[in-house]
Amino acid sequence: DGFSDPMVDCKETKLRYRADQLFASPIVLEENDETIGWVCVQEANDEDMVKDAKKMMKSTEHKGKNIQAFSFRDLTEVSEEEMAQIPSPGSGEPTLTMPRDFNLMFQTNVGAMSDASSVAYLRPETAQGIFINFKNALGTSRAKIPFGIAQIGKAFRNEITPRNFIFRSREFEQMEVEYFIPPGDDVWQPFHEKWMQESKEFLIDVGLREDLMGWDVHEGDGLAHYARACTDITFRFPFGTQELMGIAARGNFDLTQHSEGSGKGKDGSLQVSIGSS
């Protein structure tokens, strides 16, 4: 139900964008706090905003005037009234629709008949395979917590705009590690911090430049419903900054759901906290 991205369309160019990846700001004059227009870019940085603002001001009586610092907001945070003033990156005019949910699940039909009973969805992530097989892995490997399970596999997403090499493709390979730790509210944080530090060291060891890397800490509404904490390691690519690795403390949500659904592990043997990389 929640596997979706917010989407906006440009009514003139028919281009489609993720609303949480378009950033808008009012252009406010320093001298009198007057709002004279809006700018909108695909990456929240002052340099692009200033270029767009100066370009717009050239054609008005405000050319050469000073503007205040930009107040970035993505398009999921703007009102309908504000959206009517925000220029589309495609047309340069306020032609964007209000954000709406775009289903990322890749729908198909299984069997000879194409009706409601045959609808199925290809998996949008690979992690659940680890949780479904957790009891088998535990029994056959005889591992003791803490331990990890790593895997690589196919995943599929109905992307809004497939682009940027492997980042927004509809069929792709995912690599994941789920690291299982003892339960307890005072246990997961040291493990999470250790994962972040060692993940950064690994990326530097394989040749990534540290000055191009960053941290994106998810908080509040930015956290998935199951997560206690999540931090993305980002990288500045030629086409913009993107997530390179996500490190989440997933709690025991996944194993609890599979345990309750299958009736297995209710003795508490599967109720452990999970750190995910």
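**Close-up views of a predicted model**

**View 1. F131, F134, F147 and F180 form one aromatic cluster.** Rings of Phe, Tyr and Trp (its six-membered ring) pair if their centres lie within 6.5 Å; planes under 30 degrees apart are stacked, over 60 edge-to-face and the rest tilted. The structure holds 8 aromatic pairs. In one of them, the ring centres of F131 and F180 are 6.4 Å apart and the planes meet at 85°, so this pair is edge-to-face. F131 counts as buried (under 20% relative accessible area, with a 1.4 Å probe and protein chains only; exposed is over 50%, partly exposed in between), at 2% relative accessibility. F180 is buried too, at 0%.

This is a predicted model: local features need pLDDT of at least 70, side-chain atom pairs count only at pLDDT 80 or more, and totals for chains, interfaces and linings use all residues. Residues are numbered from 1 along each chain as its sequence is written, and side-chain values use heavy atoms, leaving out hydrogens and water.

**View 2. Helix α5 (residues 188–205) has a buried side.** Helices are DSSP runs of H or I, at least four residues, and strands are runs of E, at least two, numbered from the N terminus. W188, H192, M196, S199, K200 and L203 are buried in α5. Seen down the axis, these buried residues fall within an arc of 110° (taken from the directions from the helix axis to the C-beta atoms), so they line one face of the helix. The face turned away carries exposed E193 and D205.

**View 3. The charged end of R250 sits over the ring of Y226.** The charge lies 4.5 Å from the ring centre; the cut-offs are NZ of Lys or CZ of Arg within 6 Å of the centre and within 35 degrees of the ring normal.

Technical notes:
The expected span of a helix is 1.5 Å times one less than its number of residues.
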